[in-house]
Amino acid sequence: MGQNECSAVDWRTIGYEDGVAGHSGAQVGVHRRACAKYGVTPDLEAYRLGRAEGLREFCQPHSGYRAGVSGAPYYDVCPADLAARFLATLAVQMQTVAVG
């Protein structure tokens, strides 16, 4: 992130985008380090709220399917109420890819 981006960023949106991508919670550290050189500190509460919203979208069976097919890493990010269905789909697709 550059200076202009760091200064004008909507941290909730950044969190949402990271959540939808299935990034781990450590991703905020990447943003923090990028913006620290410009004296900008992330709004962690806004980031967490956005990331939680994004994870609810990411942690759906169709995302588990895509992640399994592509071999994308999974960072154990899904909330308990969504994890079982996501992981079941992910596991089936990973096995299918491994066998195929």
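**Reading the contacts in this model**

Mentor: Let's begin with R51, which touches G15, Y16, G19, H23, S24, G25 and V77, leaving out residues up to four places away in sequence; contact means heavy atoms within 4.5 Å. This is a predicted model, where local features need pLDDT of at least 70 and side-chain atom pairs count only at pLDDT 80 or more, while totals for chains, interfaces and linings use all residues. Residues are numbered from 1 along each chain as its sequence is written, and side-chain values use heavy atoms, with hydrogens and water left out.

Trainee: Where is the place of R51?

Mentor: R51 sits in helix α4. Helices (H or I, at least four residues) and strands (E, at least two) are DSSP runs, numbered from the N terminus.

Trainee: Is R51 buried or exposed?

Mentor: Buried means under 20% relative accessible area, exposed over 50%, and partly exposed in between (1.4 Å probe, protein chains only). R51 is buried but has no salt bridge, and D18, the nearest side chain of opposite charge, is 6.4 Å away. For charge, Lys and Arg count as positive, Asp and Glu as negative, with His and the chain ends not counted.

Trainee: Which backbone oxygen does the side chain of R51 reach?

Mentor: That of H23, at 3.1 Å.

Trainee: How many salt bridges does the count come to?

Mentor: Side chains of opposite charge can pair when their charged atoms come close. The rule asks for a side-chain nitrogen of Lys or Arg within 4 Å of a carboxyl oxygen of Asp or Glu, and the count is two. In one, R12 pairs with E53, with the closest N and O atoms 2.1 Å apart. That pair links distant parts of the chain, since R12 is in helix α2 (residues 11–20) and E53 in helix α4 (residues 44–58), 41 residues apart. R12 is partly exposed at 36% relative accessible area, and E53 is partly exposed at 36%.

Trainee: Which side chain does R56 meet in a salt bridge?

Mentor: D81, at 2.7 Å from N to O. R56 lies in helix α4 and D81 in helix α6 (residues 80–99), so this pair ties together parts that are 25 residues apart in sequence. R56 is partly exposed at 37%, whereas D81 is exposed at 55%.

Trainee: How many aromatic pairs does a search find?

Mentor: Rings of Phe, Tyr and Trp (its six-membered ring) pair if their centres lie within 6.5 Å; planes under 30 degrees apart are stacked, over 60 edge-to-face, and the rest tilted. The whole structure has two such pairs. F58 and F86 form a tilted one, 5.1 Å centre to centre with 45° between the planes. F58 is buried at 10% and F86 is buried at 0%. Y74 and F86 have ring centres 5.1 Å apart and planes at 40°, so that pair is tilted. Ring pairs link F58, Y74 and F86 into a cluster.

Trainee: Which residues make up the largest nonpolar core?

Mentor: Such a core is a set of buried Ala, Val, Leu, Ile, Met, Phe, Trp, Tyr and Cys residues joined through side-chain atoms within 4.5 Å. The largest has ten: L55, F58, C59, A67, V77, C78, L82, A83, F86 and L90. Helices α4 and α6 are the elements giving it two or more residues, and α6 supplies the largest share, four residues. Apart from this core lies another of nine residues, including V9, W11, C35 and Y47.

Terms used:
A polar contact is a pair of N or O atoms within 3.5 Å; within protein, one must be able to donate a hydrogen and the other to accept it, and residues adjacent in sequence count only if both atoms are side-chain atoms.
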